Amino acid sequence: GLEEVLFAGRRAWVLAGDTEVPEDPPRGVRLLPYFDAYVVAGRPRELLYPGAAATRALAGGQAGNFPVLLVDGVVSGVWHQRRSGGKIDITVEPLHDLTPAMLRELDEQVDRVGEIMEGRPRLTIGPVAVGPHA
């Protein structure tokens, strides 16, 4: 069932018992798709989209119009995929240098996209030339 809670002074409904806040902040590298709920509804937006991320990953202030690279819970770049037959070319445009550990996690995320999309992914790190989803 659902239970009513107060969140930021407003009423909200959550799954009964699902009111705990994680003790640790988000960690890791993720590739989130267009209009993912985390980046669309996440607040405060200036913490989720700091600095250059707001300029690069928000379309006129609107979230969700770009698939995003998330590092430790913060938007840290954009990405795009292009499929041709069984091949999936994935381009990731990070907004800052990625450590070797982050690059390993990114490779795992790219492999995961390949599994989900049932294709052979290939990662390129560089500029994403595709504009926002309309």
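This short talk goes from the chain as a whole to one patch on its surface. What we are looking at is a predicted model, in which local features need pLDDT of at least 70 and side-chain atom pairs count only at pLDDT 80 or more, while totals for chains, interfaces and linings use all residues. Residues are numbered from 1 along each chain as its sequence is written, and side-chain values use heavy atoms, with hydrogens and water left out.

Let me begin with the fold. The chain has 4 helices and 7 strands, taken as DSSP runs (H or I of at least four residues for helices, E of at least two for strands) and numbered from the N terminus. Along the sequence they follow the order β-β-β-α-α-α-β-β-β-α-β, and the C-alpha trace spans about 45 × 30 × 30 Å along its principal axes. Of the 134 residues, 31% count as buried, where buried means under 20% relative accessible area, exposed means over 50%, and partly exposed is in between, with a 1.4 Å probe and protein chains only.

Turning to contacts, meaning heavy atoms within 4.5 Å, residues 24 or more positions apart account for 54% of those with a separation of 6 or more.

Which residues make the nonpolar surface patch? Y34, F35, V40 and V130 make it, and its area is about 290 Å²; patch members have over 30% relative accessible area and no salt bridge, and nonpolar side chains (Val, Leu, Ile, Met, Phe, Trp, Tyr) are joined within 5 Å, like charges within 9 Å. A salt bridge here is a side-chain nitrogen of Lys or Arg within 4 Å of a carboxyl oxygen of Asp or Glu. One of these residues, F35, lies in the loop between β3 (29-32) and α1 (37-41), and F35 counts as partly exposed because its relative accessibility is 39%.

Terms used: Accessible areas come from the Shrake-Rupley method with a 1.4 Å probe; for residues, only the protein chains shown count as cover.
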